[in-house]
Amino acid sequence: MLTTAPRGTKDIMPTDVTAWRYLEETMRKICAQYGYKEIRTPVFEHTELFLRGIGETTDVVEKEMYTFTDRGERSITLRPENTASAVRAYIEHKLYADPAPTKLFYMGPMFRYDRPQAGRYRQFHQFGIEALGVPGPNIDAEIILLAVQILQSLGLKDLKLKINSVGCPKCRPEHRVKLQEFFKPHFDELCKDCQSRYDRNPLRLLDCKNPHCHELGEGAPSLEECLCDECKAHFAGLKELLTAAGVDYEVDHNLVRGLDYYTKTAFEIQYAPLGAQSAVCGGGRYDGLIKEVGGPETPGIGFAMGMERVLLALESQNLLPDFTDAMDVFVVCPNQEHFAKAFKAAIDLRRNGLKVDYDFQGRSMKAQMKAANRVKAHYVLIFGDDEVARNQVVLRNMANSEQKEIAISDITTILQTEVHEG
């Protein structure tokens, strides 16, 4: 057990980190285009934040949170998502005093006790957006477009955007009654979770993953039938803006998302080639969340994107670029009497921005040249006895095998030119 990672976790090895960095850099670049700034919150919070923020009837709170009591007898939870944390930071640091909207993004590890499967882990990584302070559908359309642009810029083409309106406190009560009336004849057939949700939050009955419950929910009353005029206008405005931007979408009246704080807009982006677990991004509006957590009444909307799931999609479609971790220079020094000079040359090159490596063990010329090939070095500097005696070294171009002698004092100047021009 000591030599294996806990179930549901995964080491990200050096060979994989380049793909992660590519994904992260793409996300950061597009966030900058839209004016979103990065926020970094703690990986654990007071448990009550998630109980109030996410909702006690959600699967996340009921089944999936990593919660413990610390030495101060405080209940602490590893963050299962980051919206509640971002909202807490927004309130604590009084960002609501700044001109709206407050545009935030984050990326980092989240924790849920879930059944591990392809692209889903117990420690997983999310990229997310939160836009706070604007009530209209224009900000909803913007963040959906941002999510779509990120996925399309990575090369994913078979994307399906699903949207819905989950109403607001003014129009949900009518839908709640209709849902309970619809499911009442089938109450005994519902799973235990749905029987519990029937009174507490019947909207969640539409989100159950149990196949039989899903079947029972077919033909359930649509929220669209119960939307108030404000929610209808908001949803119509969102659809108009998405159409204006040339973004295809599908209205899915059973799309309610898995967290209790959503109001009005809910959306999900699916990537069909991933199969059953096709959702790569999901989010929605949460106009009551900030007040629920203890801040001023402030509208908000956001989404989260599973980074492992996106990388899985890119790998499955061979969409990841060919990454090179080649070194610019490898310093070869068979005679350890000259190592101090070789070491100084390597350090000077690094200080001038080049990627440089060398042999640590004083092995033979042949072994060191093999090492240079292994790290895909573009150039090799050879500190041979005869050359060093003349204050020279051999500079070898590994691409064409051409080599020449250069003065030790000119190493940095010459190699900076060679590498940048090469």
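In the predicted model, helix α6, spanning residues 172–183, and helix α7, spanning residues 192–200, pack with their axes 10 Å apart and at an angle of about 140°. The crossing of these two helices is left-handed. On the side of α6 the contact is formed by R176, Q180 and F183, and on the side of α7 by Y198, D199 and R200. When these residues are sorted by class, the contact of α6 with α7 comprises 3 charged, 2 nonpolar and 1 polar residues.

A further helix pair is provided by α5 (residues 137–153) and α9 (residues 229–244), whose axes come within 8 Å and cross at roughly 45°. The two helices are therefore oblique to each other, and α5 passes α9 in a right-handed crossing. Residues P137, N138, D140, A141 and I144 of α5 make this contact together with H234, G237, L238, L241 and L242 of α9. The residues in the contact of α5 with α9 divide into 6 nonpolar, 3 polar and 1 charged.

Helix α1 (residues 14–34) and helix α11 (residues 307–316) also pack together, their axes coming within 11 Å and crossing at roughly 110°. At that angle α1 is roughly perpendicular to α11, and the crossing of the two is right-handed. The contact involves A19, W20, L23, E24 and M27 from α1, which meet M307, E308, V310 and L311 from α11. Of the residues in the contact of α1 with α11, 7 are nonpolar and 2 are charged, while no polar residue takes part.

When neighbours within four places in sequence are left aside, the residues in contact with K103 are Y34, G35, Y36, K37, E130, I139 and E142.

Aromatic side chains form 12 pairs in the structure. One of these pairs joins Y66 and Y113, whose ring centres are 5.9 Å apart and whose planes stand at 65°, so that the arrangement is edge-to-face. Because Y66 belongs to the loop between α3 (59–64) and β3 (67–69), whereas Y113 belongs to the loop between β5 and β6 (123–132), the pair ties together parts of the chain that are 47 residues apart in sequence.

Two features of the backbone were also noted. Most residues other than glycine have a negative phi, and most peptide bonds are trans. Against this background, the peptide bond leading from A100 to P101 is cis, with omega near 0°, and P101 is placed in the loop between α4 (83–92) and β5. The other feature concerns E73, which is not a glycine and yet has a positive phi of about 65°. E73 is located in the loop between β3 and β4, the latter strand covering residues 75–78.

Notes
Residues numbered from 1 in each chain as written. Predicted model: local features only at pLDDT ≥ 70, side-chain atom pairs only at ≥ 80, totals over all residues. Heavy atoms only, no water. Contact = heavy atoms within 4.5 Å. Axes fitted to C-alpha atoms, helices over the stretch in contact; angles between N-to-C directions. Helix = DSSP H or I, 4+ residues; strand = E, 2+ residues; numbered from the N terminus. Parallel < 35°, antiparallel > 145°, perpendicular 65-115°, else oblique. Left-handed = near helix turned anticlockwise from the far one by under 90°. Nonpolar A, V, L, I, M, F, W, Y, C, P; charged D, E, K, R; others polar. Phe/Tyr/Trp six-rings, centres within 6.5 Å; stacked < 30°, edge-to-face > 60°.
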